Amino acid sequence: MSFFFHQRPSWQLPESQITSESAYFNRRRFIKTLVGAGIAASATSLVGCQKTQAQNSELQSTYLNLPKFDPLRTNPNFASTERPITDQILASSYNNFYEFGGNKSIWQAAQNLPTEDWKVEVTGLVKNPRTYDLDTIKKEFSIEERIYRFRCVEAWSMVLPWVGFPMKALMEAVEPTSEAKFVSFTSFYDPEITTGPGFHLGSLPWPYTEGLTIKEMANELAFFAIGIYGRELPKQHGAPLRMVIPWKYGFKGAKSIVKIEFLKEQPATYWNTIAPNEYGFHANVNPNVPHPRWSQATEKFISEGPDLTWERKETFLYNGYQEYVGSLYG
Ligand code: MTE
């Protein structure tokens, strides 16, 4: 089954509304260049999930080659949700990672991400600035599994078993000063390697950046993932380290982080810079606040695989995490 049903169920959004960021790219910035370059067709449609048997086995073997976390403790507070965990093949072949392309099928292109000798610089208003590599992260932080709901602003959702550590553990290590009120997170970017459409136009605010308030970062739910489904992160999910903020729309979870900076002022962020009326800085999941171009009241829950199927489900305030984060916004 392809991502686009041949017979659309009545609730299915028009294609242009599903792919919010892609649509934005195409309509406002890229269309002329893309047409010129002959790549508009792939960028305008959310193609993606119809995979051959060979691609499914390639995905499976890429995943099985990744180092496993063993033993791995699942945090009992986040051991399940009311919905089943999304199939691993589906989750790792239906991604947003614009550095590697403007549609969901970037998993092969993302294999070009160079993750060896990765360094994450933690800097700014902190008492102990540090540069971490992945081994140090694994040694210094207590790594656990957490099963979280994941809600994209494009109105699709999954349930994903992340492996990593709470952001507040990193804050305890670097000790932000009392002046620090915001945190900015920067993704890997190298125009020689990140090959998504339009990357060389210079008109978009690369690198991809995201931001949180310091209180949001200190919340128990805010998480750095270094793995998923019990193994190290596949590159398409943002290896080797990415943000997971389960009460916010998925675009707040910047991938492949190279820099974390503690700041006095609210930082500029990628989508908020491109379209502030569509992608707010806070971007908390809220069924009562529609996106300017579509409703956020429900979502397409993607669970079973390896071919794409979905069910229409209710969207919860703060993605169902109100008891953890409601007080942040009271
Ligand atoms: N991080 C970077 N660097 N680049 C991106 O394009 N896309 C965001 C977020 N983080 C993105 C990113 C969006 S829109 C979503 S929905 C999630 O990553 C998707 O994460 P997944 O592909 O692991 O499901």
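Let's start with Lys 104, which is buried in this predicted model, with a relative accessible area of 0%. So what does Lys 104 pair with? The partner is Glu 154, and the closest N and O atoms of this salt bridge sit 3.0 Å apart. Have a look at where the two come from: Lys 104 belongs to the loop between helix H5 (88-91) and strand S1 (120-124), while Glu 154 lies in the loop between strand S3 (144-151) and strand S4 (156-166). That is 50 residues apart, so the pair links distant parts of the chain. And Glu 154 is also at 0% relative accessibility; because buried means under 20%, it counts as buried.

Next, please turn to Lys 248. It forms a salt bridge with Glu 216, with 2.8 Å between the closest N and O atoms. Here, too, distant parts of the chain are linked: Glu 216 is in helix H8 (residues 214-218), and Lys 248 is in the loop between strand S9 (242-244) and strand S10 (257-263), 32 residues apart. Buried or exposed? Lys 248 is buried, at a relative accessible area of 2%, and Glu 216 is buried with 2%.

Now for a pair in another setting. Glu 311 and Lys 313 meet through their side chains in a salt bridge, 3.5 Å from N to O. Glu 311 is partly exposed, with a relative accessible area of 40%, and Lys 313 counts as partly exposed at 25%.

Finally, which residues form a network? Salt bridges link Glu 82, Arg 83, Arg 149, Arg 151 and Glu 299. Searching the whole structure gives 16 salt bridges. Thanks, everyone!

Note on methods:
Residues numbered from 1 in each chain as written. Predicted model: local features only at pLDDT ≥ 70, side-chain atom pairs only at ≥ 80, totals over all residues. Heavy atoms only, no water. Salt bridge = Lys/Arg side-chain N within 4 Å of Asp/Glu carboxyl O. Helix = DSSP H or I, 4+ residues; strand = E, 2+ residues; numbered from the N terminus. Buried < 20%, exposed > 50% of the residue type's maximum accessible area, 1.4 Å probe, protein only.
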